[in-house]
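Let's walk through this protein together, one region at a time. Please keep the sequence and the 3D view open as you read.

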Amino acid sequence: MIMELHPALHMLGYYLIKIWPEVCLAVFCIIIIWSYSKHRNEVLVFWPILDCLPSILKNRHRIHDWTVELANSVGNTIIGKGPFFAPLRLVYTCDSLNVEYIAKTNFPKGAEHYEIMDVIGNGIFNVDYQHWQAQRKMANKTFMSKEFRSYAAKTTREVVEDSLLPLLSQVAIQSSVVDLEDIFLRLTFDSVCMVLFGRNPNCLSIDFPYNELARAIDDMAEVLTYRHVLPSSWWKLCRWFMIGPEKKFIEARKIIDRSLESYILMKKDDLHKGEQGNDMITSFIQHQEMDNSDLFPKGNAFLRDNGLSFLFAGKDSSSTALAWFFWLMTRNRSVEANIIEELCHVREKNKDTDDGLKEKIPYVFTAEDLKGLVYLHASLCESLRLYPPVPATYRGVEKEDVLPDGTTLKPGMKILISMYALGRMESIWGKDCLEYRPERWIDENGKLNPVPLTKFFPFFAGPRNCVGKDLAFTQMKLVIAAVLFNFHVELLEGEVIRPKPSMVLHMQNGLKVRIKKRIA
Ligand code: HEM
């Protein structure tokens, strides 16, 4: 027997068939709104189809703090797949044992890193395996040499004495507001150019001159940040059409190539005239001449790629660290007083042996003066723990492996390591993990405590840690000692200081301060 449908039901069925796309869309929207309201306060949500992309987008303006929240609330190791149109295959970890294992095993940076950072070419920052090994050996040799170390310390001290202190004295007289982060960025650019090429571009002077190479490297870093977060097909398409950030990148690249070529030619000219320098490019040129393997190709391209690698790695890192350090000083005056007390002892000790130069005001310390200062070192390490200038790094996976916490790594995956989160985990640093407390670095005998060093990753770890670490400490201590001893830094009232979501932990709006001369 055939059942007759009620005419109203019949009509409803008819309409539903007719408008089924709209019905599906409405149901989809209801599910999305319902899921959103259910998960709105969750730190990470894996959506159907879109996976973790909406959570990343929602937190993009505070990405570094989000990495800490993720670790604290979701877990130390998280795997994300990304949406179907932009697959990620990402393993995010801030488990210190995993990070140690990854560093020790020396996972490669991988093909994707090379592609994103193509502007650096075959420089140390980009290459893996035997090319990296050979370049790292060369870099280690240079950075360990006594001549290079004393040259680097001397040139940095000169920049501090001849450029930084006169500029700050002038600013103090005018009692004008300055962006201290910008001043430090200029200082490290001058100092790194001296160390690398033996030339001072004099970016740090009272008229705050424009420098096209410094600007081009900033533009390049901005575009590289975009490339790291956008699906590769997107930025490649932009590059193909030469639009958006990629257009800026092409311009920046031209300036970088031109400027580095001219530095290299000047250096070769110096060598031709018999003027031997202690800078890095001189030592690279000598290496090229002595080594005939294809690991050190002849020609300027190799020098350019390495020059840019070191400029890129050394230009903003120490300056950013200095900016965060001085901000912390404005909030922790007792720490500042302890450092000044340490410096006063050195000053007193030096009085007996001071030559005329050291009697000068403002007073400038030498790298040698600052070597054994425990509290200064502890305060700087503590600042780097909370504000690591390189907040994250990543490695590629080329063969299957298992991390110490049991996570399986598959070829093609990317491992993201957050140094920012590693410095702020309660499980690693204890309940006071968010407090700025240099004392945690000092043992009961007043010596540096070696324990925190084992969980300290701002310079990464293992064979591929920062090759410029000692140089960076020397630079930063020279600047800190000179500024703290001679000047009082006051944060401009109402300034909100927060990190910028970028590859280097810059401050979102710089560090606006007033400077006063310190009365002895
Ligand atoms: C506070 C200052 C600095 C910090 C926190 C820092 C941090 C780091 C980190 C985390 C890495 C590993 C990056 C990665 O593998 O993705 C690195 C690598 C590197 N850094 Fe530094 N850096 C600093 C200063 C410098 C300076 C002043 C130089 C040299 C002028 C320098 C040269 C390099 C180079 C060449 C590498 C690549 C090493 C390699 O791949 O073997 N860094 N740095």
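Asn202 sits in the loop between helix 9 (180-197) and helix 10 (212-229). Helices here are DSSP runs of H or I with at least four residues, strands are runs of E with at least two, and both are numbered from the N terminus. The model you are looking at is predicted, so local features need pLDDT of at least 70 and side-chain atom pairs count only at pLDDT 80 or more, while totals for chains, interfaces and linings use all residues. Residues are numbered from 1 along each chain as its sequence is written.

Most residues other than glycine have a negative phi. Asn202 counts as partly exposed because 15 other C-beta atoms lie within 10 Å. The scale behind that word is simple: 20 or more other C-beta atoms within 10 Å of a residue's own make it buried, 12 or fewer make it exposed, and anything in between is partly exposed, with C-beta atoms placed from the backbone.

Ser175 also has a positive phi, about 40°, although it is not a glycine. You will find Ser175 in the loop between helix 8 (146-174) and strand 3 (177-179). Ser175 has 9 other C-beta atoms within 10 Å and is therefore exposed.

Strand 3 takes us to a sheet. It belongs to an open sheet of 3 strands in the order 3-9-8, with antiparallel pairing; two strands pair if DSSP finds at least two bridges between them. Strand 3 and strand 8 (487-491) stand at the edges with a single partner strand each, so one side of each has no neighbour in the sheet. From one strand to the next, the twist averages 45°. Strand 8 and strand 9 (residues 512-517) are joined in the antiparallel sense over 5 bridges, and Leu491 has Val513 in strand 9 as its bridge partner. Helix 9 lies across strand 3, strand 8 and strand 9, running at about 50° to strand 3. For such angles, axes are lines fitted to C-alpha atoms (for helices over the stretch in contact), and the values run from 0 to 180 degrees between N-to-C directions.

There is also an open sheet of 4 strands, with the order 1-2-7-4 and mixed pairing. Which strands stand at its edges? They are strand 1 (77-80) and strand 4 (392-396), and each has a single partner strand, so one side of each is left without a neighbour in the sheet. Neighbouring strands of this sheet are turned by 20° against each other on average, direction ignored. Strand 2 (residues 90-93) and strand 7 (residues 414-418) run parallel and are joined by 4 bridges; Tyr92 has Leu416 in strand 7 as its bridge partner. Across strand 1, strand 2, strand 4 and strand 7 lies helix 5 (residues 96-105), at about 120° to strand 7.

Now turn to a pair of helices. Two packed helices are described by the angle between their axes and the distance between the axes. For helix 13 (residues 280-290) and helix 14 (residues 300-315), the axes come within 11 Å and cross at roughly 145°. Met280, Ile281, Phe284, Ile285 and Gln288 in helix 13 meet Phe302, Leu303, Asn306, Gly307 and Phe310 in helix 14, where contact means that the C-beta atoms of two residues, placed from the backbone, lie within 7 Å. The residues of this contact divide into 7 nonpolar, 3 polar and no charged; Ala, Val, Leu, Ile, Met, Phe, Trp, Tyr, Cys and Pro count as nonpolar, Asp, Glu, Lys and Arg as charged, and the others, Gly among them, as polar.

Ser309 lies in helix 14 as well. Is Ser309 buried or exposed? Ser309 counts as buried because it has 23 C-beta neighbours inside 10 Å. Leaving aside neighbours within four places in sequence, Ser309 is in contact with Ile120, Gly123, Ile124, Phe125 and Asn126.

Finally, step back to the whole protein. It has 21 helices and 9 strands, and buried residues make up 36% of its 520 residues.
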